[in-house]
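Trainee: Please take me through reading a structure, one feature at a time.

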Amino acid sequence: MECFAIFRPYGRRSCQIYTSLIGKKNMAQIKKQKIPWNHNYAYKHWISEKVGNRNSILDVGCGDGTLALYLRTTDNDILGIDVSDLCIQKANEKNPYSNVSFVRTAFEDFQASSERFDVIIFVASIHHMDMGNAIDKAKKLLAKKGVLIIVGLAKPTSLFDWIVELARVLPSKMVSAIKKNTTSEELNIDVSYDLPTMDEVRQIGRERLCGYSLRYGLHYRYLLTWENN
Ligand SMILES: C[S@@+](CC[C@H](N)C(=O)[O-])C[C@H]1O[C@@H](n2cnc3c(N)ncnc32)[C@H](O)[C@@H]1O
């Protein structure tokens, strides 16, 4: 299912509604933390809502560990993996918690121990990999009822995609200015722009992720989720 909701505010209000429904304790812990704002962390509330009370989390391409540390509660276990030595070094320097760990490995080479993950997250990282293969591997690593969360970048190709692309330029720039956007470059993360097209993302979703949900985010991202039912 795909929906067009780029202006939906995933801010404090949705966080509060969620808090009152489920995951009171986890969300309360998460909400208190402030992290730098950028076009990826703009979706932190949306991601934490999707994570909910699920406990074992794999953050693929975790960068400097900011999101993993943001999602950490006293009840969950988080593993961040990244192919970059520098990112893992930075993540480890920032991490005082025993239930969060960071390991340097490419996702393609990642060997999980026997247990599966309740949540697997890719934030601005899946376009560095062969997306189809990465999704196939993530599905194998995901527990029953587990959720796959992707905040991804893709190129517009269809007329509709281009309309969305243009429609989000101004509001995204305004929000970025207000929020004081910090770019990945400032965070010292090596980025490449070999992006799939939105049509390729949709095709991978249709072929591999039955019942997936995909929508456009305001900040040039698509937001994809899939539950392993
Ligand atoms: C644009 S950064 C995003 C980092 C972080 N998720 C964030 O939102 O700040 C992409 C990250 O993916 C990592 N990466 C790229 N290819 C990878 C691979 N094959 N396996 C694991 N990590 C990878 C990079 O080292 C980089 O840290």
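Mentor: The dialogue below goes from confidence to fold, then to the ligand and the backbone.

Mentor: This is a predicted model, in which local features need pLDDT of at least 70 and side-chain atom pairs count only at pLDDT 80 or more, while totals for chains, interfaces and linings use all residues. Residues are numbered from 1 along each chain as its sequence is written.

Trainee: What is the mean pLDDT of the protein chain?

Mentor: pLDDT is the predictor's confidence in each residue, from 0 to 100. The protein chain has a mean of 86, with 81% of its residues at 70 or more.

Trainee: Over which residues does pLDDT stay under 50?

Mentor: Where pLDDT is low, the predicted coordinates should not be read in detail. Here that applies to residues 1–22, where pLDDT stays under 50. The model has 31 contacts for them beyond four places in sequence; a contact means that two C-beta atoms, placed from the backbone, lie within 7 Å.

Trainee: How many helices and strands are there in the protein chain?

Mentor: Helices (H or I, at least four residues) and strands (E, at least two) are DSSP runs, numbered from the N terminus. The protein chain has eight helices and eight strands.

Trainee: Why is strand β3 largely enclosed by the rest of the structure?

Mentor: A residue is buried if 20 or more other C-beta atoms, placed from the backbone, lie within 10 Å of its own, exposed if 12 or fewer, and partly exposed in between. Strand β3 (residues 77–82) is largely enclosed because five of its six residues are buried.

Trainee: Which strands does β3 run parallel to?

Mentor: Strands pair if DSSP finds at least two bridges between them. β3 is joined in parallel to β2 (residues 56–60) by five bridges, and to β4 (residues 100–104) by five bridges. I57 has I78 of β3 as its bridge partner, and D82 stands opposite R104 in β4.

Trainee: Which residues come nearest to the ligand?

Mentor: A residue is near a molecule if its C-beta atom, placed from the backbone, lies within 6 Å of it. N40, G61, G63, S125 and H128 come nearest among the 23 residues around the ligand.

Trainee: Where does A124, with its positive phi, lie?

Mentor: Most residues other than glycine have a negative phi. A124 has a phi near 50° and lies in the loop between β5 (117–123) and α6 (131–141). A124 counts as buried because it has 21 C-beta neighbours inside 10 Å.

Trainee: Is Y220 buried or partly exposed?

Mentor: Y220 counts as partly exposed, because it has 15 C-beta neighbours inside 10 Å. Y220 is not a glycine, yet its phi is positive, about 60°.
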